[in-house]
Amino acid sequence: MSLKEQKEQFVSNLNGGSIEEIYLVTGVALAGYVSHTIFKKYLLPSLEWASHGSLMWEFFFDELLLLQAITVFSSRVDRVYLHSLGLALVIFVYGMVKKSVNKSSKRESSKKTEPPKEFLPIKSFITAYRAHMLVITNLAILAVDFHAFPRRFAKVETWGTSLMDLGVGSFVFSMGLANSRAVIKRKLIVDNKGISYGRLLLHNTSKALPVLALGLIRLVSVKSLEYQEHATEYGIHWNFFMTLGLLPIMLGILDPILNIVPRFIVALAIGCIYEWTLNNTGLLTFILDESNRQESLFAMNKEGLWSFCGYLSIFIFGQSFGSFVLTSKPTPNNLWGSYARGKGNKYFTVTTTQGLVIMTVISHSLFYVARESFHTGSISRRLANLPYVLWVVSYNAVFLLGYNMVERFIGPLKSTVLDAINANGLAIFLLANLLTGLVNMTINTLEVNEAKTYALLIGYALTWTSVAVVLHKFKIYIKL
């Protein structure tokens, strides 16, 4: 068996792990966010020597804890929580004691004049949420090729759940969330009467071309370099960049519907119609049947083409969340992803925290029904079916709420690393993919022990993090 076949086999026919463990492992990002915020608020100001190595501390809290959770401490994640939150508790107590001692000599003014809020401010909890999602995605795409990364975290073959399956959907959801900023500007801030349907389609298509080009470049590279492939993931020619590239084009096509029907409803309808089609026609059998793979170009890429329906649903769900997450004040009927002007219904017009609480309850309820219903299949990232879509949405809802609560009760976090990764997210994701390919072509990842894997992954993370920080420092933002 060739090395290419060994590597393909290493990531094939996997069954994943439990949803509870996935929450536990990825929750380390939230624990790191809590610890990092408390560290910078209560301890760092009194440690002059530590302020010179702020990037080192940021890398530890924002990336290294997550790397430990998915590799060396994957079976003992409780230790990562103990170290990070235990440290946070000690720092918090120290900060409270110091504050009480200085209270008599240094009184703070009770009245503070706050500058007027922007309508679309940069919210630190959203930056942290999106950057952490990119961090764990980038770490996993290389770590999966090593034995130090548990097989239960790698993508499942067809049915089941895993950390990497969740990562793909969360990447799309966060893109939808960020994309809603442009929609809000177009619908609520800028007068868009002059933008015709044809012009919008042209704009969205031109916007998609660079990402589609990346998809084609990846296809040519994989075929010419004989890089390992997994056909049941997206198909023989399809890849994730092609899915990302087609999303804005489809959104342009659906724009007349999205102008009338709230995005949450549209997203749910797409997911339900796709699920009904899978289970009431021959589509499910067609996709899962390996004997028809070579019948046509369509059959060769059936997973990528049909799973696009699910990813489109996830993307629009992300846009619907953006309507109440990104703005500084509620807009009419924003709970359901409406971008309308006017008065609106007071019950459907919510603040960021209210919207996240309500949507966490709604999305988890829908996920529970879809998961337990006889009319839907099991969770499948390969199909991107309705249970998978609702799993991704409910997960991101609860984690967004978690980040929001940390900011509200502890305070906002200023992290250069998180800001830099968020600012050039897709470009850094592309760089991580290139580095992953370089590592796989340079060494046999199947023969590297745990200690060397950990060291190599730290170097890998430092590389794309450094590039992100340098780009951010010089205000270079690569929009793909």
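Between domain 1 and domain 2 the count is one salt bridge, a term for a side-chain nitrogen of Lys or Arg within 4 Å of a carboxyl oxygen of Asp or Glu. The model is predicted, with local features needing pLDDT of at least 70 and side-chain atom pairs counting only at pLDDT 80 or more, while totals for chains, interfaces and linings use all residues. Residues are numbered from 1 along each chain as its sequence is written, and side-chain values use heavy atoms, with hydrogens and water left out.

Domain 1 comprises 17–101 + 117–154 + 415–479, and domain 2 comprises 169–210 + 227–414, with bounds that come from an automatic or database domain assignment. Their centres, taken over C-alpha atoms, lie 25 Å apart, and 45 residues from domain 1 meet 45 residues from domain 2 in a contact, meaning heavy atoms within 4.5 Å. About 3,800 Å² is buried between domain 1 and domain 2, with carbon and sulfur atoms giving 70% of that area; buried area is the accessible area (1.4 Å probe) that two parts lose on being put together, summed over both. Lys414 forms a salt bridge with Asp419, where the closest N and O atoms are 2.9 Å apart.

Helix H4 (residues 54–70) packs against helix H17 (residues 416–423) at an angle of about 65°, their axes being 8 Å apart; helices are DSSP runs (H or I, at least four residues), numbered from the N terminus, and axes are lines fitted to C-alpha atoms over the stretch in contact, with angles running from 0 to 180 degrees between N-to-C directions. H4 is therefore roughly perpendicular to H17, a label for angles of 65 to 115 degrees. Leu55, Glu58, Phe59, Asp62 and Glu63 of H4 make the contact with Thr416, Val417, Leu418 and Ile421 of H17.

How values were computed
Helix = DSSP H or I, 4+ residues; strand = E, 2+ residues; numbered from the N terminus. Parallel < 35°, antiparallel > 145°, perpendicular 65-115°, else oblique.
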